[in-house]
Amino acid sequence: SLQDLGQLEEGRNAHFEAQITPVSDPTMRVEWYKDGRPITASSRITAIFNFGYVSLNIMHLRAEDAGTYTVRAVNRIGEAISTSQITIVSKAAVTGDLGIAEQQNYIQSVEQLEQYQKYQNMKFYEETPESTQRPEFKTPISDQLNIREGGFAHFEGRLEPVSDPTLRVEWLKDGHPIEASSRITTFCNFGYVALTIKQVTIHDVGHYTCRAYNSLGEAHITGKLTVVSRQDIIVDSQTSHMGMEKIQYLEDSSRYTRSTQRR
């Protein structure tokens, strides 16, 4: 379920996220609402739905962003709803308790600071932002064992820091970089990393590693994928059938032996 974000300052970012199931339902539809009205995606507000992971990101918060946010997941069987609240602390609230002269001085200082920051950004726009924390995975990724050929495998984990623009994330199979395709997709959003493999084949068997790195260091986690091939399934099915026939034969033989002994 969504967590209440509480009070956030105007100009900051807000991030809602939740996990929903089932993760592979093609009929699943996810909708976001603010105060009961559908949210329209824009360059400032983005919604994501990926393999059971849903999130809503709001950049550069404004006073009008305050309210109740709802995520609604719907499929053919039913629906699930979760809500969360945001309160925005605006600049007006910061200056509201000041006198007129103090307010003017405060606003003038803020404007001067904004002008200085714009100048600094123009002057040093080529500088790369610096990392403040080395990467660290907060959860392991679960092994995907005995996945049936033709099915899907899904690895996911949690990573920090969540808002480092210099952080790089890559996935490797048996030490070699994985190339994304229509069958294999990778995902990274606000500390959530995932790898999904559709139409799994026996060639996908191996060890999968997620590697995250920035200027302060790197971290990695690894999970294993094993696949049950169609041939194995057929053989297993035949073996089970033969086994049942053998059990039936032994039971019939036992009955015949007991009957003969009574005579």
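In strand β13, Pro177 is the bridge partner of Leu172. Helices (H or I, at least four residues) and strands (E, at least two) are DSSP runs, numbered from the N terminus. Two strands pair if DSSP finds at least two bridges between them, and β12 and β13 meet this criterion with 2 bridges in the antiparallel sense. The two strands form a hairpin with 2 residues between them, and Asp174 in the turn has a positive phi of about 50 degrees.

The model is predicted: local features need pLDDT of at least 70, side-chain atom pairs count only at pLDDT 80 or more, and totals for chains, interfaces and linings use all residues. Residues are numbered from 1 along each chain as its sequence is written, and side-chain values use heavy atoms, with hydrogens and water left out.

Strand β12 (residues 168-173) also pairs with β16, in the antiparallel sense and over 6 bridges. Within this pairing, Arg168 has Tyr213 of β16 as its bridge partner, while Glu170 has Arg211 of β16. Arg211 additionally lies over the face of Tyr213, at 4.2 Å from the ring centre; a charge sits over a ring if NZ of Lys or CZ of Arg is within 6 Å of the ring centre and within 35 degrees of the ring normal. These strands belong to an open sheet of 5 strands with the order β10-β17-β16-β12-β13 and mixed pairing. Its edge strands, each pairing on one side only, are β10 (144-148) and β13 (176-177).

The largest nonpolar core has 20 residues, of which Phe137, Phe155, Trp171, Leu195, Ile197 and Leu225 touch the most other members. Such a core is a set of buried Ala, Val, Leu, Ile, Met, Phe, Trp, Tyr and Cys residues joined through side-chain atoms within 4.5 Å. Buried means under 20% relative accessible area, exposed over 50%, and partly exposed in between (1.4 Å probe, protein chains only). Two or more residues of the core come from each of β11 (153-160), β15 (192-197), β16 (206-214) and β17 (217-228). The most come from β17, with 4 residues. Ile197 touches Gly151, Phe152, Ala153, Arg183, Ile184, Asp204, Tyr208 and Leu225, not counting residues up to four places away in sequence; contact means heavy atoms within 4.5 Å. A second, separate core of 18 residues includes Leu2, Phe16, Val54 and Ile58.

The whole structure holds 6 aromatic pairs. Rings of Phe, Tyr and Trp (its six-membered ring) pair if their centres lie within 6.5 Å; planes under 30 degrees apart count as stacked, over 60 as edge-to-face and the rest as tilted. The pair of Phe16 and Trp32 is tilted, because the ring centres are 6.3 Å apart and the planes stand at 40 degrees. It links distant parts of the chain, with Phe16 in strand β2 (residues 14-19) and Trp32 in strand β3 (residues 29-34), 16 residues apart. Phe16 is buried at a relative accessible area of 2%, and Trp32 counts as buried at 7%. Ring pairs join Phe16, Trp32 and Tyr69 into a cluster.

Glu10 is placed in the loop between β1 (6-9) and β2. With 32% relative accessibility, Glu10 counts as partly exposed. The C-alpha atoms of Glu10 and Asp65 are separated by 9.2 Å, although the residues are 55 apart along the chain.

Confidence is expressed as pLDDT, the predictor's confidence in each residue from 0 to 100. The chain has a mean pLDDT of 81, and 73% of its residues reach 70 or more. Over residues 122-127 the pLDDT is below 50, and this stretch has 1 contact in the model beyond near neighbours in sequence.
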